[in-house]
Amino acid sequence: QDNRISIWSAGDLGNAGLNGEYQGEPHLLCDIQHNGDVMDMQFLDQERIVVASSTGTVTIFRHHQNNQTLSANHRWEKAHYHVDQDTSCGGAACTGVVCNNPEIVTVGEDGRINLFRADQKDAVRIIDNADSSTLHAVTFLRTTEILTVNSIGQLKIWDLRQQRNEPSQIFSLAGDRVPLHCVDRHPNQQHIVATGGQDGMLSIWDIRQGTMPVSLLNAHEAEMWEVHFHPSDPDHLFTCSEDGSLWHWDTSTNVSEKPSFLHQGGRSTAYLSHSTINQSVVSAWLSNDPTKDRMEITNLIPNQTLSVNSLDVLGPCLVYGTDAEAIYVNRQLFA
Amino acid sequence: AGTPLTDTVPAQVVPGADPSARQLCFAWGPAEVLVCETLFGRAGGSRSRYLSRCPSSSRSCGEGRAGAAAPALTGSVAGTGEGAPSSSCVFVVRRDQDIYIQTLRKLFNESHGIFMGLQRSEEELAGKSRKAQLVQVSKNYRSVIRACMEDMHQAAVSTRDPALQGQYSTQVSILSAMELIWNLCEILFVEAATAGPLLLRLLDWVRLHVCDVDSMVREVLSSESPSKHKLFWNVVDVFVLQGRMDEARHLLSKEASANPTSMNMCKILDDLMKKMPVPSLGNTQTLTELELKWQHWHEECQRYLQDGTFASNPHMESICKILLGDEDAILEKKELMTTWYHFLVTRLLYSHPTVKPMELRFYAQSSMDLFLGGESSPEPLDMILMAAFEFEMHQVIKECSIVLSNWWFVAHLTDLLDHCKLLQSHNLYFGSNMREFLLLEYASGLFSHHSLWQLGVDYFDHCPEYGRVYLELHIERIPLSTEQKALKVLRICEQRQMHEQVRSICKIMAMKALRNNRLGSALSWSIRAKDAAFATLISDRFLKDYCERGCFSDLDLIDNLGPSMLLSDRLTFLGKYREFHRLYGEKRFPEAARLLLTLMTAHIAPCSFWMTLLTDALPLLEQKEVIFSAEQTYELMRCLEDLTAGNPDKQKFQDDDVETTKVEMLRLALARNLARVIVKEGTVEGS
């Protein structure tokens, strides 16, 4: 297997053509070999990228912009392992990584949570057996608290200041314990959390109250791999799934005033009013008035075939990758 | 032109598995062979050495490699059996090594997208629009081939390893040949060009694919005075041979201005070229009109030639002869045409521009004979093109299958032709038709790749007869290295109602999790498969842990089982038992007592656990306050009797002091409780 970490240049952001059409293809700047599948990755800072591997290793790569090369800066081998760290086999996949420079938190199939610091060789803290099932994703709730989701449908809050190896709170879905695969927190309102499940369901949680989600939105037909709030425009949410679709959820209230989204190819839109439990209205995500607040949902992929495994969004750019070994860049998301 | 489609493959030895030094063992898999060296040397072996070193690319070592990659040194001496120790390698030898070429992956992925689009496209469109749609699909396939060629060319240019460079260059030639064949099939079969447009298409085809002369053309055109260049007339000939009249005329005008003496001749030739009637794509003229016009023009050219107008300039005279379709004159320019099919198209352009598709075969055969002239024999590529000109589709496919190393080309082409309704159901021995056979072979090849197998799934889906069976067999063999991969495979199985495979995969994953002590994961997998038996296994594991340690592990799991508790009785018991402990911890004794009793009387608890449950009842019985009612106490006593009476011949049970003591204590506690409760219930309350 030849897996690589690659850095691409997606073209000049400033050069939008007359119709905002695509300006040249992304081209490869540099790449480097990676051992094992890349399960997750995130930028630590402008130059460094943290990568989680299916072998259980967590690596920091540095991108040297002057000569356009990548090098492995630091590596934590066997950060995730089954049973015994010293045996040669028994590495467990590291499934999720999240950074808050210089802290790095990783979770894996071994149910372990690791806390690293970018400059330190050993882990700062290891929570062994944090979960009896696989931890699929992790994100920061506050600087000292993290959220994890696992394969028995639980959302857990961990307070890293406390020494005990127990979550401070556990949330779970009612009904079947469908595994949760991804989690993201609202950029501004820290009590709003979105998770995606194996059945493609999007759940919105208010972690200040209750242990159950505020709304359950039936979205995809298969596993939802990633969910992201737009970092600067959090009325917009993006989810991608094994069924090959990528949905754009828009709760900005004046939907009629916004121009419709023009994307290549056809699009399918649906209006959905959510069914919610009574909540005091603060954000559109927690709203309970179905007539007033309608959500516009758009599938951004016209000819879907294979799974969309990962996506990221920043400003007007959306990038996503599929199992057809293709990367798509959309630079005019809100045109 | 040399073609790369020769089928000679040099015999190669897998380094490290040298049969002359050691005996090899091998095992056949679904798509590959496993080979390794045994410890047994060749008895009475001679000095051994390598037969040949094969380039690294053809040794497709896959997973299963256990040792270092250093090739075995075969330093055995005559007579000894064992020889030097070899590297401990298991080699996975695969036939379909093309799948592993990095640059071809784009081809596989993109063509998969086009294939799916074609399968899903509307069948209701009829006639012209359907044909246009199919032609577009064909063009899409070709552009993917060309894109791949471009990438491969870039790779060949930029690599420094000569072996790799050789391989890439070969691939470029193969892709180029594939595109050539596909293009011709598109013209003849998919578009089914009729007389008239047929010639135009063939001209385009030749212009696109005969590019050996491009550098010469560029050289001449970019020189300061082209007409003085020594290759000037060659380039003019090239343009004429390819029917590029405007460009030829442009060059002629340069000659005219540079050489005033020949201006008159140039003018006449220019005029002839301008007036040459060509088929048009639109319906502006019928074939008969064209033929008439062409006849006129032909006669005019004839007159000029016979008058000796061009006698003083041999170049222009030969051009005029070419315009008249003189075979010898055209054949003289063999090096400029480089291939017999170029010769064919030129011939047709200047002698039968209104050629009908069915007439092609005669011209093709004679063109090839004339061009090759007995000096060289036709190569595989030539035979394939000939078969196409003869409209022998099956022959084309058969020849391509033999010559190409990968099923990609024939599978996709046949599928397209099938959609054009051109292939009669040519049933093969085992009942599936040719299209399905090729798609099955191609997709099976994909399945031996660690990630391209996902494409193979879709291909199997569109093989109505055997696709499902093939999928069922292949999908279980995909190595599940991470949970995410297992989930993808599972989703595929679930979507196709392949329940057996779902159960099997979930069991594998659950067992793995169990071995790694990930009980939550194991449970999650058994819930997905609705596998009650496995859930029971997991619960037993938990209960065993509890008995050994006296406390529950993984409380976060047991406390939050939810409705999945109902998956298996044992699991329900586990959940309820944990609930009992919780109630006890919260000092809600009556409820705890009721639950405990239910667990036994409703037979949710396994018999092996009854003793533990009864022992758990002890503290409740010993409480100051009476918890168990008379009814309940009778029930408990009955349970105890059932338990002890049921095993009269269990020696261990009777001899074990602890056990007997426990039973004694229980009997005592139960009796005491009974006494208290009878008194309590007999008393009048609330006075």
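Analyst: **Close look**

A:Ala324 sits in the loop of chain A that runs between β25 (317–322) and β26 (327–330); helices (H or I, at least four residues) and strands (E, at least two) are DSSP runs numbered from the N terminus. Before going on, a word on the ground rules: this is a predicted model, where local features need pLDDT of at least 70 and side-chain atom pairs count only at pLDDT 80 or more, while totals for chains, interfaces and linings use all residues. Residues are numbered from 1 along each chain as its sequence is written, chains are lettered from A and ligands numbered from 1 in the order in which they are written, and side-chain values use heavy atoms, with hydrogens and water left out.

With a relative accessible area of 17%, A:Ala324 is buried (buried is under 20% relative accessible area, exposed over 50%, partly exposed in between, using a 1.4 Å probe and protein chains only). Setting aside neighbours within four places in sequence, A:Ala324 is in contact with A:Leu306 and with B:Asn109, contact meaning heavy atoms within 4.5 Å. A:Ser307 is 17 residues away along the chain, and its C-alpha is 7.8 Å from that of A:Ala324.

Now the chain around that loop. Chain A has 26 strands and zero helices, and 53% of its 335 residues count as buried. Take the chain A contacts between residues at least 6 apart in sequence: 47% of them join residues at least 24 apart.

B:Asn109, one of the partners of A:Ala324, takes us over to chain B. For contacts between residues at least 6 apart in chain B, 65% join residues at least 24 apart.

B:Glu179 belongs to helix α3 (residues 162–190) and, at 3% relative accessibility, counts as buried. Beyond the residues up to four places away in sequence, B:Glu179 touches B:Arg142, B:Ile145, B:Arg146 and B:His209. B:Leu567, in the loop between α25 (555–558) and α26 (569–585), is partly exposed, with a relative accessible area of 23%. Its contacts, leaving out neighbours within four places, are B:Ser526, B:Ile527, B:Lys530, B:Asp531, B:Ala532 and B:Ala535. The C-alpha of B:Leu290, 277 residues away along the chain, is 80 Å from that of B:Leu567.

Then there are the helix pairs. The axes of α13 (residues 340–351) and α14 (residues 360–372) of chain B come within 9 Å and cross at roughly 125°; axes are lines fitted to C-alpha atoms, for helices over the stretch in contact, and angles run from 0 to 180 degrees between N-to-C directions. α13(B) and α14(B) are therefore oblique (under 35 degrees is roughly parallel, over 145 roughly antiparallel, 65 to 115 roughly perpendicular, and the rest oblique). On the α13(B) side, the contact uses B:Trp340, B:Phe343, B:Leu344, B:Arg347 and B:Leu348, and residues including B:Tyr363 and B:Phe371 come in from α14(B). That contact splits into ten nonpolar, two polar and one charged, where Ala, Val, Leu, Ile, Met, Phe, Trp, Tyr, Cys and Pro are nonpolar, Asp, Glu, Lys and Arg charged, and the others, Gly among them, polar.

α13(B) also meets α15 (residues 380–389) of chain B, with axes within 11 Å and a crossing of roughly 30°, so α13(B) runs roughly parallel to α15(B). B:Trp340, B:Tyr341 and B:Leu344 of α13(B) face B:Leu381, B:Asp382, B:Leu385, B:Met386 and B:Phe389 of α15(B) in this contact.

Further along, α19 (residues 453–461) and α20 (residues 467–475) of chain B pack at about 155° with axes 8 Å apart, and α19(B) and α20(B) are therefore roughly antiparallel. B:Val457, B:Phe460 and B:Asp461 of α19(B) meet a set from α20(B) that includes B:Tyr470 and B:Leu471.

Last stop: α21 (residues 483–495) of chain B. Ten of its 13 residues are buried, so α21(B) is largely enclosed by the rest of the structure; among them are B:Glu483, B:Leu487, B:Arg491 and B:Cys493. Just after α21(B), B:Gln497 takes a positive phi of about 55°.
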